Amino acid sequence: MESSITVDQTEYEAMKERMGALKVSHRLAAHDKDHAANVALEHEAQLRAEHEEQAKIAAKRLEDLKRALQEANERMLRMREKHEREKAAMTMKMERVLNQSEAVTVRAQETVSSLKEQHQQQVAEIQADLAADKATAVDQLEAELRGCLEEYQ
């Protein structure tokens, strides 16, 4: 049972051409598939490289920001310490001035008390002198009056 297929030469050549075209088409499709895979791999590699570069830049920026924050914190701490020192110095100065003011007030009160005592002593001395002068004057006037009375009599 053999079947015989008869194909004429032009049909055979056409089939052969179609087979060649199919092989070429398969090869081109395989080549396109490989090319597409290579392009995808290259694109993926490029994206990965760009991502890594951006990650490096971001990491450097993060480190720069951390360093800047640390420097700002250190400056703020130094400024706070300086402010505390200045505040303590001003407090000490104010206490000294207050103490000096209190001392001046005490000395002024002592001076006023001393001056009052001196004034009272001087007033007492003057009053005593006046009383003595008055007594002396009265005695002199009495003596003069007696003298005048004796002369008149």
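**Salt bridges along the helix**

Mentor: Arg146 has a relative accessible area of 48% and is therefore partly exposed. Please bear in mind that the model is predicted.

Trainee: With which residue does Arg146 form a salt bridge?

Mentor: Both partners belong to helix α1 and stand 4 residues apart, about one turn of the helix. The closest N and O atoms are 3.6 Å apart, and the residue paired with Arg146 is Glu142.

Trainee: How far apart are the closest N and O atoms of Arg48 and Glu44?

Mentor: Arg48 and Glu44 lie in helix α1, which spans residues 9–152, with a spacing of 4 residues. A salt bridge requires a nitrogen–oxygen distance within 4 Å. Arg48 and Glu44 form such a bridge, with their closest N and O atoms separated by 2.7 Å.

Trainee: Is Lys66, which bridges to Glu63, buried, partly exposed or exposed?

Mentor: Lys66 and Glu63 are 3 residues apart in helix α1, and their closest N and O atoms are 3.9 Å apart. Buried means under 20% relative accessible area and exposed means over 50%, with partly exposed in between. Lys66 has a relative accessibility of 47%, so the residue counts as partly exposed.

Trainee: Which residues are linked in a network of salt bridges?

Mentor: The structure holds 5 salt bridges. The pair Lys66 and Glu63 is one of them. The residues linked in a network are Lys60, Asp64 and Arg67.

How values were computed
Residues numbered from 1 in each chain as written. Predicted model: local features only at pLDDT ≥ 70, side-chain atom pairs only at ≥ 80, totals over all residues. Heavy atoms only, no water. Salt bridge = Lys/Arg side-chain N within 4 Å of Asp/Glu carboxyl O. Helix = DSSP H or I, 4+ residues; strand = E, 2+ residues; numbered from the N terminus. Buried < 20%, exposed > 50% of the residue type's maximum accessible area, 1.4 Å probe, protein only.
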